[in-house]
Amino acid sequence: MDSPVIETQEAQETAAKVKKPLDPRVQYYLRIIGTLFVITAIVAVLLSLVNMVTRPMINTHAEEKRVAALSKVMPDADFEPVTHLPEGIDGLVSITKATRNGSPAGCCVQITTNGFGGSLELMVGVDGNGAVTGVDILSHAETLNTNRHGWLLEQYPGHSGEILVSKTSADSSHIQAISGATVTSNGVTRGVNNALKAAEAYQKGGLS
């Protein structure tokens, strides 16, 4: 006959091996975590698919806008990308060589700067003498309307060297800030000045 002590030990070991049910609160939180994980995974997959579908269209639109800007800031020119860029120019994205009838006409500089609403991306045309031929805004987050932007951009052609911003009037070295939008005016001017530096470095350095 088995000893009562042995039977008690076996019963305790058997009971220890039986898994206790999880606390209902733990089960609840685990279900929430699992559900959130599944939702997050599904959203990530959907966003990835949307990006795959829309990215080529976005890139195509951006390239079309860039090409249009080249012709706008340097009219009647042929363009060739520059592969070696000067160093140390803030916001420099690209330089495009411009020619007319096979002769150098200057270059177009794509550059980023900061305005009131965030990043501003500009295309700046610069002739062989270092003067601005045109400025176009590729992208921005400013609140200004097209007319006010246009009025600002029309002031830059013909300027060279360091361009300054005046709140009252424009002259040979100053452009006039848009009333109530001095930060934007300073941001665009800073970008144009950096573009002029990039063009000078490119033209003097013989980069290709």
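In this predicted model, a polar atom of the serine 185 side chain sits 2.9 Å from the backbone nitrogen of isoleucine 178. Serine 185 belongs to helix H4. Its relative accessible area is 0%, so serine 185 is buried. Beyond its neighbours within four places in sequence, serine 185 contacts Leu152, Tyr156, Val165, Ala177 and Ile178.

The overall fold can be described next. The chain holds four helices and seven strands. Read from the N terminus, the order of elements is α-α-β-β-β-β-β-α-β-β-α. The chain has 208 residues, and 31% of them are buried. Contacts were also sorted by distance along the sequence. Among those with a separation of 6 or more, 47% join residues 24 or more positions apart.

In soluble globular proteins, nonpolar side chains tend to be buried together. Here, the largest nonpolar core contains 28 residues. Ile95, Val109, Val124, Val132, Tyr156, Val188 and Val192 have the most contacts inside this core. Six elements are listed below as giving two or more residues to the core. Four are strands: S2 (92-100), S3 (103-114), S4 (119-126) and S5 (132-139). The others are helix H3 (146-153) and helix H4 (182-205). H4 gives the largest share, seven residues.

Valine 188 illustrates the packing in the largest core, where it is one of the residues with the most contacts. Residues up to four places away in sequence were set aside. On that count, valine 188 touches Leu120, Leu122, Leu152, Leu153 and Tyr156. Leu152 and Tyr156 are also among the contacts of serine 185.

Strand S5 contains serine 139. With 32% relative accessibility, serine 139 counts as partly exposed. Its contacts, leaving aside neighbours within four places in sequence, are Ser119, Leu120 and Glu121. Serine 139 and lysine 65 are 74 residues apart along the chain, yet their C-alpha atoms are separated by 9.6 Å.

Charged pairs were then considered. Side chains of opposite charge can pair when their charged atoms come close. Two salt bridges were counted, with a side-chain nitrogen of Lys or Arg required within 4 Å of a carboxyl oxygen of Asp or Glu. One joins aspartate 136 to lysine 72, with the closest N and O atoms 3.4 Å apart. Aspartate 136 lies in strand S5 and lysine 72 in helix H2, so this pair ties together parts that are 64 residues apart in sequence. Lysine 72, at 54%, counts as exposed.

The other salt bridge links the side chains of lysine 204 and glutamate 200, at 2.9 Å from N to O. Both residues lie in helix H4, four residues apart, so about one helical turn separates them. Lysine 204 is exposed, with a relative accessible area of 68%. Glutamate 200 is partly exposed, at 41%.

The surface also carries a nonpolar patch of about 960 Å². The patch is made by Val26, Tyr28, Tyr29, Leu30, Ile32, Ile33, Leu36, Ile39, Val43 and Leu47. Valine 43 is found in helix H2, which spans residues 24-73. Its relative accessibility is 40%, so valine 43 counts as partly exposed.

Finally, backbone angles were inspected. Aspartate 76 has a positive phi of about 60°, although this residue is not a glycine. Aspartate 76 lies in the loop between H2 and strand S1 (78-81). Its relative accessible area is 73%, so aspartate 76 is exposed. Asparagine 101, likewise not a glycine, has a positive phi near 55°. The loop between S2 and S3 holds asparagine 101. At a relative accessible area of 81%, asparagine 101 is exposed.

Technical notes: Residues are numbered from 1 along each chain as its sequence is written. This is a predicted model: local features need pLDDT of at least 70, side-chain atom pairs count only at pLDDT 80 or more; totals for chains, interfaces and linings use all residues. Side-chain values use heavy atoms; hydrogens and water are left out. Patches are made of residues with over 30% relative accessible area and no salt bridge: like charges are joined within 9 Å, nonpolar side chains (Val, Leu, Ile, Met, Phe, Trp, Tyr) within 5 Å. Accessible areas come from the Shrake-Rupley method with a 1.4 Å probe; for residues, only the protein chains shown count as cover. Buried means under 20% relative accessible area, exposed over 50%, partly exposed in between (1.4 Å probe, protein chains only). Contact means heavy atoms within 4.5 Å. A nonpolar core is a set of buried Ala, Val, Leu, Ile, Met, Phe, Trp, Tyr and Cys residues joined through side-chain atoms within 4.5 Å. A polar contact is a pair of N or O atoms within 3.5 Å; within protein, one must be able to donate a hydrogen and the other to accept it, and residues adjacent in sequence count only if both atoms are side-chain atoms.
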